[in-house]
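Here's a quick briefing to read with the structure open next to you. Take it topic by topic and find each residue as you go.

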Amino acid sequence: MKLNRTHQLLAYTDYANILGVSIRTLKENTEALVAATREIGLEVSADETKYMLMSRDQNAGRIQSLRIDNRTFEEVEEFKYLGTTLTNQNSIAEEIKSRLSSGNACYHSVQNLLSSRLLSKILKIKIYRTIILPVVLYGCETWSLTLREKRKLRAFENMVLRRIFGPRRDEVTGNGGDCITRS
């Protein structure tokens, strides 16, 4: 039997993502996967296969397990995929927290460079853009941010920029940006 490209791919896949907009679609897609693998002599392991229904609606038809051909697939609330933590409520808050923690560690490893008077501000910005920012924004193409998450990211960026440019000074009085300027 000659295998087509899809079957060849399935034969070497350790992990598969089964997607659907509803439990019904998820079940249909899983049944199709099980049938396709059976057709070429492979078996989907119920012990190693989990599923997750993603929705911000807390009552989005949650069920304990997905049952197909006397196999039970376990539901999970979150999993890491390509370095990004996905959750069943499609919340990115934990991922943002993790990315900011990694960004903070990266920032602290180069903070002496960012506050050095020997390096130009242009070079410091390049360090920020090439070393720190990619750590924080890894996988951001999939994020759908809330205002709170945007503020956390902005606060982190402002912290780094303050290290690079120094504290903000009011041009008229010379006071720091946190002080009330006098007219």
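Let's start in the loop between strand E2 (65–68) and strand E3 (71–75), which is where Asp69 lies. Keep in mind that this is a predicted model. Asn70 lies in that loop between E2 and E3 too.

- Asp69 has a positive phi of about 50°, although it is not a glycine.
- Asn70 also has a positive phi without being a glycine, and its value is near 60°.
- How much of each residue can be reached from outside? Asp69 has a relative accessible area of 45%, so it counts as partly exposed.
- Asn70 has a relative accessible area of 70%, and because the cut-off for exposed is over 50%, Asn70 counts as exposed.

- Strands E4 and E5 pair up in the antiparallel sense, over 4 bridges.
- Across the pair, Tyr81 stands opposite Thr84 in E5.
- The hairpin has 2 residues between its strands, and Leu82 takes a positive phi near 50° there.
- You'll find Leu82 in the loop between strand E4 (78–81) and strand E5 (84–87).
- Is Leu82 buried or exposed? Its relative accessibility is 60%, so Leu82 counts as exposed.

- Glu95 sits in helix H3, which covers residues 93–115.
- With a relative accessibility of 1%, Glu95 falls under the 20% cut-off, so it counts as buried.
- Which residues does Glu95 touch, not counting those up to four places away in sequence? They are Lys80, Gly83, Thr84, Thr85 and Trp143.
- Glu95 also has a charged partner: its side chain meets that of Arg99 in a salt bridge (3.0 Å, N to O).
- Both Glu95 and Arg99 lie in helix H3, 4 residues apart, which is about one turn of the helix.
- Both partners, Glu95 and Arg99, are buried.
- Ser98 lies in helix H3 as well, but it is partly exposed, with a relative accessible area of 29%.
- Ser98 and Val136 are 38 residues apart in sequence, yet their C-alpha atoms are 8.7 Å apart in space.

**Other salt bridges**

- How many salt bridges are counted in this model? The count comes to 4.
- One of them joins the side chains of Glu28 and Arg24 (3.3 Å, N to O).
- Glu28 and Arg24 both lie in helix H2 (residues 23–39), 4 residues apart, or about one turn of the helix.
- Glu28 is partly exposed at 39% relative accessible area, while Arg24 is exposed at 59%.
- Another salt bridge brings together the side chains of Arg154 and Glu157 (2.5 Å, N to O).
- Arg154 and Glu157 are 3 residues apart in helix H5 (residues 147–165), so about one helical turn separates them.
- Glu157 counts as partly exposed, at 22% relative accessibility.

**Ile132 on the inside**

- Ile132 has its place in helix H4, residues 121–137.
- The relative accessible area of Ile132 is 0%, so it counts as buried.
- Leaving aside neighbours within four places in sequence, Ile132 is in contact with Gly103, Cys106, Tyr107, Val110, Leu114, Ile127, Phe156 and Val160.
- Ile132 and Ser102 are 30 residues apart in sequence, and 8.9 Å apart in space from C-alpha to C-alpha.

**Cysteines**

- A disulfide is a covalent bond between the sulfur atoms of two cysteines.
- How many disulfides does a search of the whole structure find? It finds 0.
- Cys106, one of the contacts of Ile132, is buried at 13% relative accessible area.
- Cys140 counts as partly exposed, with a relative accessibility of 28%.

**The whole chain**

- The protein chain has 5 helices and 5 strands.
- Reading from the N terminus, the elements run α-α-β-β-β-β-β-α-α-α.
- Of the chain's 183 residues, 27% count as buried.
- Among contacts with a separation of 6 or more, 63% come from residues 24 or more positions apart.
- The chain exposes about 13,300 Å², and carbon and sulfur atoms supply 50% of that area.

Conventions. Residues numbered from 1 in each chain as written. Predicted model: local features only at pLDDT ≥ 70, side-chain atom pairs only at ≥ 80, totals over all residues. Heavy atoms only, no water. Buried < 20%, exposed > 50% of the residue type's maximum accessible area, 1.4 Å probe, protein only. Contact = heavy atoms within 4.5 Å. Areas by Shrake-Rupley, 256 points an atom, 1.4 Å probe, with all protein chains shown as cover. Disulfide = S-S within 2.5 Å. Pairing = 2+ DSSP bridges.
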